[in-house]
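Subject: Handing over a structure

Hello,

I am passing a structure on to you, and I would be glad if you looked it over with my notes beside you. Here it is.

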Amino acid sequence: MFQTTIARESCAEGVGLHTGVEGYVRLVPAPAETGIVFRRVDLDNFPIEAQGHNVARVSYATSLMKQGVLLSTTEHLLAAIYSCGIDNVYIDINSIEIPILDGSAEPFMQMLEHSGVRKLRRKRRYLKVLKPLEVSEGDRRIGIYPAEEFRVRCYVDFPHPLVGQQEVEMLVGPDTFRQLLARARTFCFERDITPLRGMGLIRGGSLDNAIVLTEEGIMNGPLRFPDEFGRHKALDLIGDLALAGLPLLARVEAHKAGHSLHTQLVSRLLADPSLWTITTGSTAEAVHTGEEAYRAALSPVPATPGD
Ligand SMILES: [Zn+2]
C-alpha cells in the first residue's frame, strides 16, 4: 500500500459553529511524509499538524493549538480525510475555525470526491496497536485494542425519546464512512442553547447546521437516519482518532465517550511507545527505516487533562 494525497484542490466556505466567524477551507495536495497539516493562511501559512501533541482545549469540539495559534472544530473534516485514506494533505484555512457547513461530513466528502486521490511513491506507514489501553471517567470509557484492521464501535445513551441507546460498529473505510456516517449531523439540546451561548459557544449555530432536540422531539426534522445521533458520535470519534497522525491498525470501543476521552486516548497512546509499532502493512513486521524519525515526530506527547 502506497501513501496518498489528493489529485487537485477543492474549497468550501461557511460559518464556524462556535465562533460564528465566516471563512473558507481549501484542500491542497501535499508530498509524501507530510501528514495532515492545517495552514492558517491568515497568519502567514502557520502550520498546525493534525497530531495528538497539538490538541488544546477539548469540550464541545476538538481544537488544536500550536505556539498559541488556535484552530477549532477539526473533527468532521478530519473524519472524512482519515476515512478516505488520504495520508498527506494541506488544509488551508483563513480563520480560527473549520466551517461547520451542514453539520455533517457530507460536504467534506464532496470536496474529497472533487479532489480525487493521487498515489505517491512512498509506502504507507500504519500505527499498529500491540497492547490494549483504556481510559475512563465515571461511566464513560474508551479503549483501543490490537487488530489487523481499523474498526470502531461507538455506544451512546442520551435520555431522550428519539435517542436512547444507539450503537454503531464498523470497519472504517471510504465506502463504509460514506454510506453509514458521513451524512449524520451534529446535534444539541434546546435547553443547552442559552448556557452554551453564555459560554461564548455555538455563535454560528443554526437550524441549518445542527439538529436541535426539544424535550419530546426535534425542532428541525426529518432525521437523515433514525440513529443519526449515534452515527454522528462515531463520526466524531474517527475525526479525533485521526490525531494519531498515521492510519491505525486497531479496534476502538467508545462507551458514552466524547472529544475529551477520545483525545486523551490518542495522547496517552502516543506517549507510550511500548503500546504500538509502525509497520508498512497489517503484518507485524516493523519498519526500521524511518521509525525513529516517526517516533520523534509523534512523541513525547503530554497526556491531555480532562475538561
Ligand atoms: Zn461532531
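Please keep in mind that the model is a predicted one.

Both strands belong to an open sheet of 5 strands with mixed pairing, in the order β2-β3-β9-β4-β5. The edges are held by β2 (10-15) and β5 (46-49); each has a single partner strand, so one side of each is left without a neighbour in the sheet. On average, neighbouring strands here are turned by 25° against each other, direction ignored.

There is also an open sheet of 3 strands, ordered β6-β7-β8 and paired in the antiparallel sense. Its edge strands are β6 (55-58) and β8 (69-72), each pairing on one side only. Neighbouring strands of this sheet are turned by 30° against each other on average, again ignoring direction. Between β6 and β7 (residues 62-66), the antiparallel pairing runs over 2 bridges, and Val55 has Leu64 in β7 as its bridge partner. Helix α6 (residues 259-271) packs on the sheet and touches β6 and β7, with its direction making about 155° with that of β6.

Further along, strand β14 (residues 150-158) has two pairings to look at. With strand β18 (residues 248-255), β14 runs parallel, joined by 6 bridges; here Phe150 has Ala250 as its bridge partner. A hairpin through 5 residues joins β14 to β15.

Next, the metal site. Which residues coordinate the zinc ion? They are His76 (NE2), His232 (NE2) and Asp236, which is listed with two OD donors, at 2.1 to 2.8 Å. The 4 donor atoms subtend angles of 52 to 149° around the zinc ion, which makes the arrangement irregular. In sequence, the donor residues follow the spacing H-x155-H-x3-D. The two histidines link distant parts of the chain: His76 sits in helix α1 (residues 75-83) and His232 in helix α5 (residues 228-241), 156 residues apart. Are these histidines buried or exposed? Both His76 and His232 are buried.

Helix α1 deserves a visit of its own. Of its 9 residues, 9 are buried, so the helix is largely enclosed by the rest of the structure. Among them are Glu75, Tyr82 and Ser83. After α1 comes Gly85, which has a positive phi near 75°.

The largest nonpolar core holds 70 residues, of which Phe38, Ile91, Phe177, Leu241 and Leu248 touch the most other members. Helix α1 gives the most to this core, with 6 residues. Leaving aside residues up to four places away in sequence, Phe38 touches a list of residues that includes Phe46, Ile48, Leu64, Leu71, Leu77 and Ile91. A second, separate core of 6 residues includes Phe189, Ile211, Leu213 and Phe229. As background, nonpolar side chains tend to be buried together in soluble globular proteins.

Enjoy exploring!

Best wishes

Notes:
Residues are numbered from 1 along each chain as its sequence is written. This is a predicted model: local features need pLDDT of at least 70, side-chain atom pairs count only at pLDDT 80 or more; totals for chains, interfaces and linings use all residues. Side-chain values use heavy atoms; hydrogens and water are left out. Two strands pair if DSSP finds at least two bridges between them. Helices (H or I, at least four residues) and strands (E, at least two) are DSSP runs, numbered from the N terminus. Axes are lines fitted to C-alpha atoms, for helices over the stretch in contact, and angles run from 0 to 180 degrees between N-to-C directions. Contact means heavy atoms within 4.5 Å. Donors are N, O and S atoms within 2.8 Å of the metal (3.2 Å for Na, K and Ca); water is not among the atoms, so sites may look incomplete. Four donors count as tetrahedral if all angles lie between 85 and 135 degrees; four count as square planar and six as octahedral if opposite donors are over 155 degrees apart and all others between 65 and 115; anything else is irregular. Buried means under 20% relative accessible area, exposed over 50%, partly exposed in between (1.4 Å probe, protein chains only). A nonpolar core is a set of buried Ala, Val, Leu, Ile, Met, Phe, Trp, Tyr and Cys residues joined through side-chain atoms within 4.5 Å.
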